[in-house]
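Hi everyone, thanks for making time this morning.

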Amino acid sequence: MNLYIDYTTEIAADMEQTIKNELVQNLELNKNRNGVLIMFLSTSNLTKSYNTGIITHVLKGVGLEMKRGEIGVILGPSGSGKSTLMNIIGGVDRADGGTVEVDGNRITDLNNSQLVEYRRESVGFIFQFYNLVPNLTVAENIEVVSNISKKPLKTDEMLSAVGLYDKKNRFPRELSGGEQQRVSIARAIVKNPKLLLCDEPTGALDLETSRGVLSLLQKVNEQFGTTILMITHNSAIAGMAQVVFRMRSGEVAEVAHNSEIIPAERIEW
Ligand SMILES: Nc1ncnc2c1ncn2[C@@H]1O[C@H](COP(=O)(O)OP(=O)(O)OP(=O)(O)O)[C@@H](O)[C@H]1O
Ligand SMILES: [Mg+2]
């Protein structure tokens, strides 16, 4: 009995040390040269308006912050500015005012060609409707991205990671919605981006398939340390995030931090 206790205590101490070491490493990455904690992603006072005859103020001074390696969820009603905010963070749209910083780079100061480089090297996108190229096979859809990346991961490894290696030569129309979304995840992560932006990635999927896709995103976050920001209409999904931003008419109305993270497989709705 005693032996058993000693043995488990030893393993527990070992595991505790491993976990502590990992936490220290992550925390170190979150510090600057002077040891000051820095945010991986921060936006400050972001504004954006559209003029379609009448002027609509879509973002009215949005500020949010995320640490490296976190999962963040953006909730909010339709039209509250979620996609606009995400597009500006991802460098596919420009703000009228305010700043975005990602990993120490001020994105809002970049010129157009620097912005292309930022998108190509640092950001992976996943959308509600997959956006796969219909006349390319699964593998080719991923290679389109890996071919233009500096340090891509291996296409076959990505295909295995998303469980689609055996379907690599199929065309998107020959796959289910969930499978197509898994291809789009493989395509987004093959360049090993620092930041993964997902705009309603499970919006077109049923509960079971959604859980599979979310669980895959959680694994990507754990294994590659990828920071993930995800828009969803489904507040249950917020349980898998460290930080939750609620948007209301162009502003972040509420920020909540979860002390306990729910594995995607256990999310119910
Ligand atoms: N290119 C554009 N020109 C004019 N108005 C736009 C444009 N893009 C977005 N808007 C307006 O900005 C507002 C916010 O749009 P956005 O797509 O960011 O909302 P959202 O929160 O993502 O909504 P949803 O949940 O429906 O996707 C909407 O009122 C929309 O009509
Ligand atoms: Mg949207």
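Let's begin with how the chain comes together: among contacts in the protein with a separation of 6 or more, 70% join residues 24 or more positions apart. Please keep in mind that this is a predicted model. The protein has 269 residues, and 34% of them count as buried. Its secondary structure comes to seven helices and 10 strands.

How confident is the predictor? The mean pLDDT is 89, and 89% of the residues reach 70 or more. Residues 1-12 are another story: pLDDT stays under 50 there, and the model gives them zero contacts beyond four places in sequence. Where pLDDT is low, the predicted coordinates should not be read in detail.

Now to ligand 1. Which elements each supply at least two residues of the shell around it? They are β1 (41-52), β2 (54-66) and α2 (82-89). Helix α2 gives the largest share, three residues. If you want to find the shell on the screen, look for Y50, T52, T56 and V58, then G76, and then the run S78, G79, S80, G81, K82, S83 and T84.

Next, helix α4, residues 138-146. Its buried residues are V138, A139, N141, I142 and V145. Why do they sit on the same side of α4? Because they cover an arc of only 160 degrees around the axis. And what covers them? The cover includes α5 (155-161) and α6 (177-189).

While we're at α5, have a look at E157, which lies in that helix. Is E157 buried or exposed? It has 11 other C-beta atoms within 10 Å, and 12 or fewer counts as exposed, so E157 is exposed. Along the chain, E157 and V190 are 33 residues apart, yet their C-alpha atoms are separated by 8.9 Å.

My last stop is strand β6, residues 123-127. This strand is mostly covered, with four of its five residues buried. Its partner β7, residues 195-199, pairs with β6 in the parallel sense over five bridges. If you'd like one spot to look for in that pairing, take I126, which stands opposite C198 in β7.

Key:
Residues numbered from 1 in each chain as written. Chains lettered and ligands numbered in written order. Predicted model: local features only at pLDDT ≥ 70, side-chain atom pairs only at ≥ 80, totals over all residues. Near = placed C-beta within 6 Å. pLDDT = per-residue confidence, 0-100. Contact = placed C-beta atoms within 7 Å. Buried ≥ 20, exposed ≤ 12 C-beta atoms within 10 Å, placed from the backbone. Arc of directions from axis to C-beta. Pairing = 2+ DSSP bridges.
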